Amino acid sequence: MELLRRVHEAALRLVLLLSPRGAASATEPKPRASEVLTQHLLQRRLPHWTSFCVPYSAVHNDQFGLSHFNWEVQGANYHVLRTGCFPFIKYHCSKAPWQDLDRQDQFFTALKVINLGIPTLLYGLGSLLFARVTETVHTSYGPITVYFLNKEDEGAMY
């Protein structure tokens, strides 16, 4: 997994450097993706669920290799489905009791590897076209814009 992470980071750096804003983005300090996830959940006052995209160029991807996992924020546990869908990292979070998600995490990760990441790339490109709702998440490194495919109703259960 470590080799795959290094290859992924190198490819991502190359693609981001070739982008119009890439050179500046590569040298800026960035928050960890996990900090953006936590701060988003806190800003939303620990919602029942949320689903959003974070640009790869805005964060340090410290959750590489995690596809389905528990994430605790101030005593609230979330089941998080996470995937890299270039140019975004996509999160779907549902508040739920802690559960052993290791097998599901391994299954989803294996699916992404078997499919060579093609479906997730297409999902990311589709998100570029349709993610028009934004929100600013405040981090220790400054504001980060996250994107939504749908406007979420505050307090909605689904």
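Modeller: Before we look at any residue, keep one term in mind: contact means that heavy atoms lie within 4.5 Å. The model is a predicted one, in which local features need pLDDT of at least 70 and side-chain atom pairs count only at pLDDT 80 or more, while totals for chains, interfaces and linings use all residues. Residues are numbered from 1 along each chain as its sequence is written, and side-chain values use heavy atoms, with hydrogens and water left out.

Biologist: With that term in hand, which residues is T139 in contact with, leaving aside its neighbours within four places in sequence?

Modeller: Apart from those neighbours, T139 is in contact with P31, E35, V36 and I144.

Biologist: Where is the place of T139, and is T139 buried or exposed?

Modeller: Strands (E, at least two residues) and helices (H or I, at least four) are DSSP runs, numbered from the N terminus, and T139 belongs to strand β5, residues 133-139. Buried means under 20% relative accessible area, exposed over 50%, and partly exposed in between, with a 1.4 Å probe and protein chains only; T139 counts as buried because its relative accessibility is 13%.

Biologist: Which backbone atoms lie beside a polar atom of the T139 side chain?

Modeller: A polar contact is a pair of N or O atoms within 3.5 Å; within protein, one must be able to donate a hydrogen and the other to accept it, and residues adjacent in sequence count only if both atoms are side-chain atoms. Here the backbone nitrogen of Y141 lies 3.1 Å from a polar atom of the T139 side chain, and the backbone oxygen of G142 lies 2.6 Å from a polar atom of that side chain.

Biologist: How many aromatic pairs does the structure hold, and why is the pair of F52 and Y91 stacked?

Modeller: Rings of Phe, Tyr and Trp (its six-membered ring) pair if their centres lie within 6.5 Å, and planes under 30 degrees apart count as stacked, over 60 as edge-to-face and the rest as tilted. The structure holds six aromatic pairs. The rings of F52 and Y91 have centres 5.3 Å apart and planes at 20°, so this pair is stacked. It links distant parts of the chain, since F52 is in strand β1 (residues 49-55) and Y91 in strand β4, 39 residues apart. Both F52 and Y91 are buried.

Biologist: What form does the pair of F88 and Y147 take?

Modeller: The pair of F88 and Y147 is tilted, with 5.7 Å centre to centre and 55° between the planes. F88 counts as buried at 5% relative accessibility, whereas Y147, with a relative accessible area of 23%, is partly exposed.
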